[in-house]
Amino acid sequence: MPLSRRQLCGLLPLLAIRLPGEEQHIPSRAADFHDLSMEKSPNGAEFRSIVAGKGYNAIPLEIHETILPPGGAPHPAHHHAGDELFLVMKGGVEVTINGKTTKLGPGGAAYAAGGDQHGIRNAGNEPAQYFVATIGPEAS
């Protein structure tokens, strides 16, 4: 039996109900940087998660810090649907986007659009510290 417009409009408030297990958006918060947990990978890279989940507009968002040992890379060059922004704090890195490599130092930034192949590695003789913000699919 088809629904009338009046019946359909009466059901609209149901769209606002969140089902159990449905992901909520990331809540606002402030945390001392050193209170955030650090994970270490087998290749010596260290990762500190800052936020991960869905933002207010239900767009996936993930932000983390990475510290790479000299010559290290978090993983081989790859691509994914989400956009990615890199902000270099310490050391020197090489960022490769679609086969073009650029050296960046402290204060340097790189943006890899969703779908572009990209990678980053420590090109210096000291640990490199940078932040990554991924927005869109595969961000959380």
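Let's start with Leu-85, which sits in strand β4, residues 83–90. Keep in mind that this is a predicted model. Leu-85 is partly exposed, at a relative accessible area of 34%. Together with Leu-87 and Tyr-111, Leu-85 makes a nonpolar surface patch of about 270 Å².

Now to the hairpins. Strand β1, residues 38–40, pairs with strand β2, residues 46–54, in the antiparallel sense, over 3 bridges. Met-38 has Arg-48 in β2 as its bridge partner. There are 5 residues between these two strands, and Gly-44 in this hairpin takes a positive phi near 95°. Then β2 carries on to strand β3, residues 60–68: the two run antiparallel and are joined by 8 bridges. Val-51 stands opposite Ile-63 in β3. This hairpin, too, has 5 residues between its strands, and in the turn Ala-58 has a positive phi of about 65°.

On to the rings, friends. How many aromatic pairs are there? The count comes to 2. Phe-33 and Phe-131 have ring centres 5.9 Å apart and planes at 55°, so this pair is tilted. Phe-33 is in the loop between α1 and β1, while Phe-131 is in strand β9, 98 residues apart. Phe-131 counts as buried because its relative accessibility is 19%, under the 20% cut-off; Phe-33, at 25%, counts as partly exposed. Phe-86 and Tyr-130 form a tilted pair as well, 6.2 Å centre to centre, with 55° between the planes. That pair links strand β4 to strand β9, across 44 residues. Phe-86 is buried at 4%, and Tyr-130 is buried at 1%.

One last stop: Arg-48, the bridge partner of Met-38, lies over the face of Phe-33, 4.3 Å from the ring centre.

Notes:
Residues numbered from 1 in each chain as written. Predicted model: local features only at pLDDT ≥ 70, side-chain atom pairs only at ≥ 80, totals over all residues. Heavy atoms only, no water. Patch = residues over 30% accessible without salt bridge, like charges linked within 9 Å, V, L, I, M, F, W, Y side chains within 5 Å. Areas by Shrake-Rupley, 256 points an atom, 1.4 Å probe, with all protein chains shown as cover. Salt bridge = Lys/Arg side-chain N within 4 Å of Asp/Glu carboxyl O. Helix = DSSP H or I, 4+ residues; strand = E, 2+ residues; numbered from the N terminus. Buried < 20%, exposed > 50% of the residue type's maximum accessible area, 1.4 Å probe, protein only. Pairing = 2+ DSSP bridges. Phe/Tyr/Trp six-rings, centres within 6.5 Å; stacked < 30°, edge-to-face > 60°. Lys NZ or Arg CZ within 6 Å of the ring centre and 35° of its normal.
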